[in-house]
Amino acid sequence: MKTLTLLIFKLMLSSGVVVPMNQDNEGRELYIVFPNANSVAFDGIGLTILDLQEEGAEGATEEFAFKYLDEGLRLQDVSVNDRAFMYDYCYKGEILNWIQTLEFSYNESYPDNINSN
């Protein structure tokens, strides 16, 4: 189980489902998790709104967070079921626990290293 969980974690990192935040808290690396990364909003315009707001762009409102550009560069609405969301400031242990239990919860007591059973 340990090897399989770590393999899934590495696959999630390489596919962008889990993204390092390049920050740590008390020496533990922090991550962002996109649990529904197959959402059209993940590849579309939805996740760029925060970047635009940080740059002070005019008109970068949340209404565009649920839209994406299709292949013809037409702005389309994302259905409620496909909207991207994320968990941020996650420890690796919380992600490993999510992989094993299929339920995400913030709990800093989850260890970042899986102990052998």
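Colleague: How many of the 10 residues of α4 are buried?

Modeller: Seven of them, so α4 is mostly covered; buried means under 20% relative accessible area, exposed over 50%, and partly exposed in between (1.4 Å probe, protein chains only). Helices (H or I, at least four residues) and strands (E, at least two) are DSSP runs, numbered from the N terminus. This is a predicted model, in which local features need pLDDT of at least 70 and side-chain atom pairs count only at pLDDT 80 or more, while totals for chains, interfaces and linings use all residues. Residues are numbered from 1 along each chain as its sequence is written, and side-chain values use heavy atoms, with hydrogens and water left out.

Colleague: Which residues of α4 are buried, and what do they pack against?

Modeller: The buried residues are G93, E94, I95, L96, N97, W98 and I99. They pack against α1, β1, β2 and β5 (87-91). Just after α4, L102 has a positive phi of about 65°.

Colleague: How should I read the nonpolar core, and which residues touch the most other members?

Modeller: In soluble globular proteins, nonpolar side chains tend to be buried together. A nonpolar core here is a set of buried Ala, Val, Leu, Ile, Met, Phe, Trp, Tyr and Cys residues joined through side-chain atoms within 4.5 Å. The largest one has 13 residues, and F9, M12, V18, V33, I95, W98 and I99 touch the most other members. At least two residues of this core come from each of α1 (2-15), β2 and α4 (92-101). α4 gives the largest share, four residues. Another core, of five residues, lies apart from it and includes L30, I32, F34 and Y91.

Colleague: What is V33 in contact with, beyond its neighbours within four places in sequence?

Modeller: V33 is in contact (heavy atoms within 4.5 Å) with V17, V18, F85, M86, Y87, C90, I95 and W98. V33 also stands opposite Y87 in β5. β2 itself is mostly covered, with five of its six residues buried.

Colleague: How many bridges join β2 to β1 and to β5, and which way do the strands run?

Modeller: Two strands pair if DSSP finds at least two bridges between them. β1 and β2 run antiparallel and are joined by five bridges. Three bridges join β2 to β5, and these two strands are antiparallel as well. N25 has R28 in β2 as its bridge partner. β1 and β2 form a hairpin with two residues between them.

Colleague: Which residue in that turn has a positive phi?

Modeller: Most residues other than glycine have a negative phi. E26 in the turn has a positive phi of about 55°, and E26 lies in the loop between β1 and β2 (28-33). E26 is exposed, with a relative accessible area of 76%. N22 also has a positive phi of about 55° although it is not a glycine. N22 sits in strand β1 (residues 18-25) and is exposed, its relative accessible area being 72%.

Colleague: How many salt bridges does the structure hold, and which residues form a salt bridge?

Modeller: Side chains of opposite charge can pair when their charged atoms come close. The cut-off is a side-chain nitrogen of Lys or Arg within 4 Å of a carboxyl oxygen of Asp or Glu. The structure holds one salt bridge. D112 forms a salt bridge with R28, and their closest N and O atoms are 2.8 Å apart. The pair links distant parts of the chain, 84 residues apart: R28 is in strand β2 and D112 in the segment after α4.
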